[in-house]
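Take a moment with the model below before reading on.

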Amino acid sequence: MTIDNFKFAGKKAIVRVDFNVPLNEEGKITDDTRIRGALPTLKKVLADGGALIIMSHMGKPKGKVNAKYSLSQIVDAVSEKLGVAVQFAPDCAKAAEAAAALKPGEVLMLENLRFYPEEEGKPVGIDKEDPAYNDAKKAMKESQKEFSKTLASYADCYINDAFGTAHRRHASTAVIADYFDADNKMLGYLMEKEVQAVDNILKDIKRPFTAIMGGSKVSTKIGIIENLMDKVDNLILCGGMTYTFAKAQGGEIGRSIVEDDKLDLALNIIEQAKAKGVNLVLAQDCVAADDFSNDANTQVCSAKAIPAGWEGLDAGPEAQKAFAAAIVDAKTILWNGPAGVFEFDNFTAGSRAIAEAIAKATANGAFSLIGGGDSVACINKFGMADQVSYISTGGGALLEAIEGKVLPGVAAIKGE
Ligand code: AMP
């Protein structure tokens, strides 16, 4: 079923959203992007004469009630954005009465799902090494089903609009879908957009396709790099990864970040790129610093000849040119991870060169997808969010989708 085809009039919809928003010490929301992201879906149900039961997690309360992570703190903000006074159910597993009383146009928000260990389905208070762990896990899976069934009982239909948790098989993101037939469960608009954006990158590729992978480590990106190797024309590997590649090729990298156990892997990636005809772009020069700080002294040097005691914190001018050259003519672009320590204003040039080239290519008709927390933070820092095609709300979920893994939250609705 799709959200545009379902008849919500007189029906109750339980919607999994990602309202895991950052709060300051006074419990005020500091970034409401995620709430805004879910509004089209929520407003659609209300406009069609349905009632809403909104459910989400917030933070990591680890299966225990913790006022710090109470969703009651965001009820006013959600009410204001929806234009409806949102009711609150202080116990998500005991909300049957409140849900039953909902009239068309009304909204009930459930307390943080993760106050119950059943949401994540992991046994708590027992070590993985404990001989009783497997039994505890089995028992937890059973109570997770019961918990999911309870949530499902509140509504006539289920919508998943929480892309950020779509890579988890949790009660509210996947198991609950078992209690609705195919005609009564659907993806929300945000999820549909995210899934479409990933399809553009993985299935409907317009060439050339350039992927830019940055960030601190090769190890956390290797799955995606290997998956992309079969698809891309240009692969830019930048950021902290640069120095693992430089060292693997016999370079001197000073105190730069490096994964010494990944040197062979780096050489293997270089070989794979050659064998597959992928244009692998690694930074030839870098901005090295004598301290890990914004005010450090700097010098531009070869990424393979960094003086002892210095560390590469950003891509150098030659690298920036090479990155831009591999991006500007691309028709499909994926960017995950910064090219330097962009949190320090003096080491943003590499990431900025990438962002600018992406903006140019996008203006020329490329589809550009930016995802993963840090590159999104980066593009926002440069004020360029409106110059790219799509910014994903998913960190881990996006990366797993691009690795080619089936997301349980999507599969639970659309099938494998
Ligand atoms: P990741 O979480 O792996 O995507 O890495 C993102 C982090 O990588 C950001 O916080 C950057 O500051 C960091 N990073 C990027 N380039 C470097 C570098 N050359 N040295 C150290 N950290 C870096």
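What follows covers the domain layout, the interface and the ligand site.

This is a predicted model. The protein splits into two domains. Domain 1 spans 12–192, and domain 2 spans 205–402. Their C-alpha centres are 36 Å apart. On the domain 1 side, 5 residues take part in the contact, and domain 2 supplies 8 residues.

Domain 1 and domain 2 bury about 570 Å² between them. Carbon and sulfur atoms account for 64% of that area. Which residues of domain 1 lose the most area to domain 2? They are F163, H167 and L190. Together, these three make up 76% of what the domain 1 side buries. The side of domain 1 that touches domain 2 has 3 nonpolar residues, 2 polar and no charged.

The rule finds 0 salt bridges between domain 1 and domain 2.

Turn next to the ligand.

In the side chain of E343, an N or O atom sits 2.4 Å from an oxygen atom of the ligand. K221 also reaches a ligand oxygen atom: one of its polar side-chain atoms lies 3.0 Å away. G240 uses its backbone instead. There, an N or O atom of the G240 backbone is 3.3 Å from a nitrogen atom of the ligand. How much of the ligand does the protein bury? Taken alone, the ligand exposes 500 Å², and the protein buries 81% of that.

Conventions. Residues numbered from 1 in each chain as written. Predicted model: local features only at pLDDT ≥ 70, side-chain atom pairs only at ≥ 80, totals over all residues. Heavy atoms only, no water. Polar contact = N/O pair within 3.5 Å; in protein donor to acceptor, adjacent residues only side chain to side chain. Areas by Shrake-Rupley, 256 points an atom, 1.4 Å probe, with all protein chains shown as cover. Domains from an automatic or database assignment. Contact = heavy atoms within 4.5 Å. Buried area = accessible area lost by both parts, 1.4 Å probe. Salt bridge = Lys/Arg side-chain N within 4 Å of Asp/Glu carboxyl O. Nonpolar A, V, L, I, M, F, W, Y, C, P; charged D, E, K, R; others polar.
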